[in-house]
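Subject: Structure handover

Hello,

Please find the structure below, with notes on what was found in it after that.

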Amino acid sequence: DNKPDLLIETSPTATEMQFSCNNANYTNFIPFVSPYSEFNILNPDYGCTTGDGQKTVYVIVKAGDGSLSTPVSDSIVFDQTAPTINIISPQNGSTSSSRTVSFDVTDSVSGVRLDTIKVDVNASGSTSFGTSACTSIENGYHCEYEETKFVKNETDYRVKVTALNNADVSGTQIVVFHYVDSSSPLEVTGVVAAPGNQFAIISWSQNTAHDLNGYRIYMGTLSG
């Protein structure tokens, strides 16, 4: 917000006040009120700089007898730029058999709020990602984990990463990739065959692979 709430604590005799960003170019005196939220911290007429970064506000208070206070100041970080999100893996438009999701979230002005980093897979929240997967890097975090929602062979997955910076500005990046499961399902176990009249009843233990398409049964005249 380029007009933040300015809380000014002073004596009860204060009647007017004026503001500046450089302690040289001040506004005209206006009636004293606190908090005050009409001073534009981007206005160059009062020594303010445009764009993101640290902003310092100076205030002088005038008493009823006309005496002036010494200037007092405070600083805030102004940030309207979204944090930068760079999804390293998977890459957009790629085909991959990896379940690794890796990305960086950075903001060089106000920093990144770790607790706001979220991952969605096909418009549903990831059940694998947690902020414990993130480590501090310059101006933000690097996150890496294994996504268990990548399970169905020959399937497109949409990965969305969002985060807020410390000024509550949101950033987003989305990639879509094609997942190929290169691993074989577990070996079938617990096979039991019971003979019948010109047929056989066959049973086995259920395979726990999430992307299992089915079973193939082969018949022969020899055992084994």
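Is Thr27 buried or exposed? Thr27 is buried, because its relative accessible area is 13% (buried means under 20% relative accessible area, exposed over 50%, and partly exposed in between, with a 1.4 Å probe and protein chains only). Thr27 sits in the loop that runs between strand 1 (14-20) and strand 2 (30-31). Its contacts, neighbours within four places in sequence aside, are Gln18, Phe19, Phe39 and Tyr46 (contact means heavy atoms within 4.5 Å).

Some notes on how to read this. The model is predicted, so local features need pLDDT of at least 70 and side-chain atom pairs count only at pLDDT 80 or more, while totals for chains, interfaces and linings use all residues. Residues are numbered from 1 along each chain as its sequence is written, and side-chain values use heavy atoms, with hydrogens and water left out.

Overall form

The chain has 15 strands and zero helices (strands are DSSP runs of E, at least two residues; helices are runs of H or I, at least four; both are numbered from the N terminus). Its C-alpha trace spans about 115 × 30 × 25 Å along the principal axes. The radius of gyration is 32 Å, whereas a compact globule of 224 residues would have one near 17 Å (taken over C-alpha atoms; the globule rule is 2.2 Å times the number of residues to the power 0.38). Of the 224 residues, 33% count as buried. Among contacts between residues at least 6 apart in sequence, 57% join residues at least 24 apart.

Cores

The largest nonpolar core has 24 residues (a nonpolar core is a set of buried Ala, Val, Leu, Ile, Met, Phe, Trp, Tyr and Cys residues joined through side-chain atoms within 4.5 Å). Phe103, Ile117, Phe129 and Phe150 have the most contacts inside this core. At least two of its residues come from each of strand 5 (84-89), strand 7 (100-106), strand 8 (118-121), strand 11 (140-146), strand 12 (155-164) and strand 13 (170-179). Strand 12 gives the most, with four residues. Apart from this core lies another, of 15 residues, among them Leu6, Cys21, Tyr36 and Phe78. In soluble globular proteins, nonpolar side chains tend to be buried together.

Ile117 has a list of contacts beyond four places in sequence, including Phe103, Val105, Phe129, Tyr141 and Cys143.

Thr172

Thr172 is placed in strand 13. Thr172 counts as partly exposed because its relative accessibility is 45%. Setting aside neighbours within four places in sequence, Thr172 is in contact with Ile85, Lys160, Val161 and Thr162. Thr172 and Asp156 are 16 residues apart in sequence, and 19 Å apart in space from C-alpha to C-alpha.

Backbone points

Most residues other than glycine have a negative phi, and most peptide bonds are trans. The following are listed against that background.

- Ser34 and Pro35 are joined by a cis peptide bond, with omega about 0°; Pro35 lies in the loop between strand 2 and strand 3 (53-63).
- Ser89 and Pro90 are joined by a cis peptide bond, with omega about 0°; Pro90 is in the loop between strand 5 and strand 6 (95-96).
- Ala123 has a positive phi near 70° and lies in the loop between strand 8 and strand 9 (124-125). Ala123 counts as exposed, at 66% relative accessibility.
- Glu154 has a positive phi of about 55° and lies in the loop between strand 11 and strand 12.

Regards
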